[in-house]
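Q: Hey, I've just opened this one and I'm new to it. Can you walk me through it?

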Amino acid sequence: MPISRIELREIRMRLLHPFETSFGVTTDRRIIIVKVSDGSFEGYGEVTAGEGPFYGHETTDTAWYILSDFIAPYAVGKINDLSDIASLVHGIRGHNMAKGGLEASLWDLEARRRNMPLWKLLGGTRETIECGVSIGIQPTIDQLLRVIENELNAGYRRIKIKIKPGWDVEVVRAVRSAFPGTPLMCDANSAYTLADVALFRQMDNFNVMMFEQPLHYEDMIDHAALQRQIQTPICLDESIHSADDARKAIDIGACRIINIKLGRVGGHAEARAVHDVCRDHGIPVWCGGMLESGIGRAHNVALSSLEDFSLPGDVAASKRYWSEDVIDPPVEVSSAGTISQKMEPGLGYRVRQDTLERLTVRTQVFDA
Ligand code: OSB
Ligand code: MG
């Protein structure tokens, strides 16, 4: 049965706490929700682009433009299922987050058609997943230490802190001495260059699990050079857009770990392909986050069920981000720092229509 309706919707959600990275501060999210329907079944996806082109080149508005002018009108009435989407978007270069929003909604729909949970349709085996938290840059080191303590008390299994020039060595040193045994990692969001090798060699002494994306957002070559000069594993985030990128990065030694984000690679099919390349090369992966609403978060939970997701991801509870989420129940994390997969069909969470309506600032509907 063809997809007879595609609905794009922009919602606005205010974060409970502003989130600061090396590229800026996020307070309010502008999120595109994609809903597909074939007349009998529905599916939901989320576009993970940021409000501005600071993590990557895509934004909420570029994704809206690509979806409304180049993807939705060509997809509606013409595609039946997942097997049709790859060839449809093949000719569009880049814009993975726009593509990924629709692709993810088709996976949810497919799982509902088959009356099975999405994570099982994806081939997942992990019924519970381990959660870490990503903690933004704080006004002071003392405040950071307090936030970390709270998150550890809530059960989270690993702490990720954001670093940037001027908020790095001393911060990591302080966190390490306050929490000597805690699994800890640092994410630079591309804030450094190869000229900073000495700084990373200093941080090599702090028993950090990995440095995430220390160098340029499109680079692999310099990351390989840095990896040769430090002990701590490098994890790539921004630089990996496909399974082919993962293969090349691994081949030249640019990283020893990869962060997989659904939107950044254009959907579940490519995320799985990245996963498979990493698994076949003995490279562990974990699921990254983009401050998603419950819909994107539920997709991340399902994706994290694949076997090579052996490290805790940035997939945290709804209540860390939102006073009220768009799904029911919200994503919940146990006191052991885990999330259990849902056994209901599709995403396994109910989308709260009233909440979605209230948060909506624009919609565009495509009918066959
Ligand atoms: O680099 O992982 C990142 C948030 C927005 C953009 C990029 C990143 C992040 C996070 C937060 O680290 C992850 C989350 O809690 O959703
Ligand atoms: Mg990152």
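Q: Where does T26 sit?
A: T26 is in strand 2, residues 24-37. Strands (E, at least two residues) and helices (H or I, at least four) are DSSP runs, numbered from the N terminus. Keep in mind that this is a predicted model: local features need pLDDT of at least 70, side-chain atom pairs count only at pLDDT 80 or more, and totals for chains, interfaces and linings use all residues. Residues are numbered from 1 along each chain as its sequence is written, chains are lettered from A and ligands numbered from 1 in the order in which they are written, and side-chain values use heavy atoms, with hydrogens and water left out.

Q: OK, and is T26 buried or exposed?
A: T26 counts as buried, at 14% relative accessibility. Buried means under 20% relative accessible area, exposed over 50%, and partly exposed in between (1.4 Å probe, protein chains only).

Q: What does T26 touch?
A: Leaving out residues up to four places away in sequence, T26 touches L15, P18, F19, E51 and L291. A contact here means heavy atoms within 4.5 Å.

Q: Zooming out, how many helices and strands are there in the protein?
A: The protein has 12 helices and 15 strands. Its radius of gyration is 20 Å, close to the 21 Å that the globule rule gives for 368 residues, so the protein is as compact as a globular protein of that length. That radius is taken over C-alpha atoms, and the rule is 2.2 Å times the number of residues to the power 0.38.

Q: And how much of the protein is buried?
A: Buried residues make up 59% of the 368. Also, among contacts between residues at least 6 apart in sequence, 72% join residues at least 24 apart.

Q: New topic: what coordinates the magnesium ion?
A: The magnesium ion (ligand 2) is coordinated by D187 (OD), E212 (OE) and D237 (OD), at 2.1 to 2.3 Å. D187 lies in strand 7 (residues 184-187) and D237 in the loop between strand 9 (234-236) and helix 9 (243-251), so this pair ties together parts that are 50 residues apart in sequence. Donors are N, O and S atoms within 2.8 Å of the metal (3.2 Å for Na, K and Ca), and water is not among the atoms, so sites may look incomplete.

Q: Are D187 and D237 buried or exposed?
A: Both D187 and D237 are buried.

Q: Last one: what do the buried residues of helix 8 pack against?
A: They pack against helix 7 and strand 9. The buried residues of helix 8 (residues 221-229) are H223, A224, A225, L226 and Q227.
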